[in-house]
Amino acid sequence: MSPARFPVPDGRAALVPSVLSADFCCLRRSLAPLRRLASWVQVDVMDGRFVPNISFGPAITAFVARASGLPVDAHLMVEEPGKFLDAFAGAGAGLITVHAEARGAAKCLRRIKALGLKAGLALRPKTPVKALVPFLGLIDLALVMTVEPGFGGQAFMPAMLPKVFAARELIARSGRRVWLQVDGGINAETAVLAAGAGADSLVVGSALFKVPSPAGFLRALKREL
Ligand code: DX5
C-alpha cells in the first residue's frame, strides 16, 4: 500500500491524532471525521521492553491507514526497531520514528530512507537535545517527548519547553528542513505552549478522543494556533 503523502507545513502546527486513545471498537467512525482537520495520524507502537506497555503492530497500522485515509506516522517505542521497519513500511507507514535511545538508531534511519519513507528521531525526556546533532542530516522529523513514553493520558512536562525551543534553534542553525514534533499531554493549553516554543507538529491523544466531538476539538485548536 503506497503511503499517503505528508502535507507541507503551512506555518501552523500540524495536528496529529494519536490512535493510542481512540475507541478501537469504531475506529473508522472515530477517524473519518478528522480526515480534513488532521495533517496525519500517529500509531504508537510499544514492545513492552523499551517501554513498560504493549500496544499494536503492523496489522493495526495498516487498518489505521485505511480507516483514516491519512498519512501514517509510526512512532516505534521499541528496543530493536531495525527488526520491524520493513513490516511497518509494508503496512503503509509513510513516516517511521525510532528513538535515539533504541538499538541501532542511525542504521534504522538509513534503512527508513532507503525504503523511501520519512524518518523521525525521538528523544525521551531525559535525553539531551544535543543527541539530535549527529542525525540532523538524516531525519525529516525530530520528536521531543513531553511525557515519559509508554502511556497516553499523562500530564505535559513543562520542563521540556526549553528543550523544544533548543531543538528548534538547533534545526534552524543546521539549515535542514526538519519538522519538530511534540508528543505527550497536548491539550488546548499545552498546544499553544508547545507551538510557541517552536513545535510544528503536535501529537494529540487523550485530550482529543475523550471529548464528545474530536472534530470540534481540532477545529477549536486550529483557531488557537
Ligand atoms: C506516550 C505516547 C502518548 C501519545 C499521546 O508513549 O506517545 O504521548 O502519543 O497521548 P496523550 O496525548 O494522551 O499524551
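R168 is partly exposed, with a relative accessible area of 22%; here buried means under 20% relative accessible area, exposed over 50%, and partly exposed in between, computed with a 1.4 Å probe on protein chains only. This residue forms a salt bridge with D200, the closest N and O atoms being 2.9 Å apart, where a salt bridge is a side-chain nitrogen of Lys or Arg within 4 Å of a carboxyl oxygen of Asp or Glu. The pair links distant parts of the chain, 32 residues apart: R168 sits in helix α5 (residues 161-174), and D200 in the loop between α6 (188-196) and β8 (201-204). Helices (H or I, at least four residues) and strands (E, at least two) are DSSP runs, numbered from the N terminus. D200 counts as buried, at 17% relative accessibility.

The structure is a predicted model, in which local features need pLDDT of at least 70 and side-chain atom pairs count only at pLDDT 80 or more, while totals for chains, interfaces and linings use all residues. Residues are numbered from 1 along each chain as its sequence is written, and side-chain values use heavy atoms, with hydrogens and water left out.

Side chains of opposite charge can pair when their charged atoms come close. The structure holds seven salt bridges. One of them joins the side chains of R49 and E80 (3.0 Å, N to O). These partners lie 31 residues apart, R49 in the loop between β2 (41-46) and α2 (58-68), and E80 in the loop between β3 (72-77) and α3. E80 is buried, with a relative accessible area of 18%. R49 and E80 also belong to a network of salt bridges that links them with K83 and R103.

Another salt bridge brings together the side chains of D86 and R111 (2.5 Å, N to O). D86 lies in helix α3 and R111 in helix α4, so the pair ties together parts that are 25 residues apart in sequence. Both count as partly exposed, D86 at 39% relative accessibility and R111 at 36%.

An α-helix has 3.6 residues a turn, so residues three or four places apart point the same way.

Q181 has its place in strand β7 (residues 179-183) and counts as buried at 0% relative accessibility. Leaving aside neighbours within four places in sequence, Q181 is in contact (heavy atoms within 4.5 Å) with residues including V16, W40, Q42, D73, L141 and V203. Q181 and A13 are 168 residues apart in sequence, yet 8.8 Å apart in space, C-alpha to C-alpha. T190 has its place in helix α6 and counts as buried, at 9% relative accessibility. With neighbours within four places in sequence left aside, T190 is in contact with F156 and G185.

Grid points are joined across faces, edges and corners, and a volume is the space filled by probe spheres set on the points. The search of the whole structure finds one cavity of 30 Å³ or more. About 200 Å³ of space lies in the largest cavity. Of the 24 residues that line the largest cavity, the closest to its centre are F151, G152, G153, D183 and G184. β2, β3, β8 and α7 (206-209) each supply at least two residues of this lining.

The second largest pocket has a volume of about 230 Å³. Of its 18 lining residues, the closest to the centre are D10, R12, A13, A14 and S39.

Note on methods
On a 1 Å grid over the protein atoms alone, a cavity is a set of points where a 1.4 Å probe fits but cannot get out, and a pocket is an open set with protein on both sides within 12 Å along at least five of seven lines; lining residues have an atom within 4 Å of a point.
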